[in-house]
Amino acid sequence: MSDGDRNPAITPTPAADVQGDGRWMSLHHRFIADSKDKEPEVVFIGDSLVQLLHQFEIWRELFSPLHALNFGIGGDATQHVLWRLQNGELQHIRPKIVVVWVGTNNHGHSAEQVAAGIESIVHLINQQQPQARVVVLGLLPRGKDPNPLREKNQRVNELLEAKVPLLPNACFLDADPGFVHSDGTIGHHDMYDYLHLTRHGYARLCPGLHRLLLRLLGECHAQAP
């Protein structure tokens, strides 16, 4: 058995229904249903950082005009996104770009395992949507002060920065505008709980992502027959 066989981050797994209300599976089915009458150019998929983006005005300002769909679910880790993709979330659509932002919730997994999980997501999107560019967003720092999880996320980003550009139709974007201050702290004005972004935090991060998406969409349109 290889190390990959023992990596839970690359094993497609539905999220456990801890609360007992079936919300995760309901969201999954809603995404599939909602996509049936849509023709998105961009799809965002990932965890709560994707999900919460949809609640802020900057989504409507920057991403709605790009005909974007938001498939974010709070708490998701790489294995959950893999399961959702394997179970039809992209089957009715043909986006030009898929934005992947997941990995900070892979607790108990090593940086190498998390990076392999994200790489598996890119490979699966390549198989299902060969026409789509894949944008992998780097994991953000977390915690008010320096801590092991922040160090792990940074290591994941280092691995992704080396690996993702070698994958078909994929690019890596470290979208962090500098959330860590010179003294090593993160401010609550950017991350209200030192993990999730505030309106101000998204306003700092999103313009760089928006510029990349515009450039990639321009390239896609230029290549279209």
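**Ground rules.** I'm working from a predicted model, where local features need pLDDT of at least 70, side-chain atom pairs count only at pLDDT 80 or more, and totals for chains, interfaces and linings use all residues. Residues are numbered from 1 along each chain as its sequence is written, and side-chain values use heavy atoms, leaving out hydrogens and water. Helices (H or I, at least four residues) and strands (E, at least two) are DSSP runs numbered from the N terminus.

**Entry 1: H4 and H5.** How do the axes of H4 and H5 cross? I took helix H4 (residues 78-86) and helix H5 (residues 111-128), and their axes come within 9 Å and cross at roughly 15 degrees. Axes here are lines fitted to C-alpha atoms, for helices over the stretch in contact, with angles from 0 to 180 degrees between N-to-C directions. H4 is therefore roughly parallel to H5. My cut-offs: under 35 degrees is roughly parallel, over 145 roughly antiparallel, 65 to 115 roughly perpendicular, and the rest oblique. The crossing is left-handed, meaning the near helix is turned anticlockwise from the far one by less than a right angle (clockwise would be right-handed).

Next I listed who touches whom, with contact meaning heavy atoms within 4.5 Å. From H4, Thr78, Val81, Leu82, Leu85 and Gln86 meet a set in H5 that includes Val114, Gly117, Ile118 and Gln128. For the classes, Ala, Val, Leu, Ile, Met, Phe, Trp, Tyr, Cys and Pro are nonpolar, Asp, Glu, Lys and Arg are charged, and the others, Gly among them, are polar.

**Entry 2: H1 and H4.** The axes of H1 and H4 come within 11 Å and cross at roughly 40 degrees, which means H1 is oblique to H4. H1 passes H4 in a right-handed crossing.

**Entry 3: H5 and H6.** Back to H5, now with H6: the axes come within 9 Å and cross at roughly 45 degrees, so H5 is oblique to H6. I noted this crossing as right-handed. Among the residues in contact are Glu112, Ala115 and Glu119 of H5, along with Arg155, Leu159 and Lys163 of H6. The classes come to seven nonpolar, no polar and five charged.

**Entry 4: H6 itself.** Which residues of H6 are buried? I found Arg150, Lys152, Asn153, Val156, Asn157, Leu159 and Leu160. Buried is under 20% relative accessible area, exposed over 50%, partly exposed in between (1.4 Å probe, protein chains only). Their cover includes H5, strand E4 (133-137) and strand E5 (170-173).

Entry 5: Asn169 sits in the loop between H6 and E5, and its phi is near 55 degrees, a positive value in a residue other than glycine. It's partly exposed, at 38% relative accessibility. Tyr194, in the loop between E5 and helix H7 (199-223), also isn't a glycine and has a positive phi of about 65 degrees. Tyr194 is partly exposed as well, at 23%.
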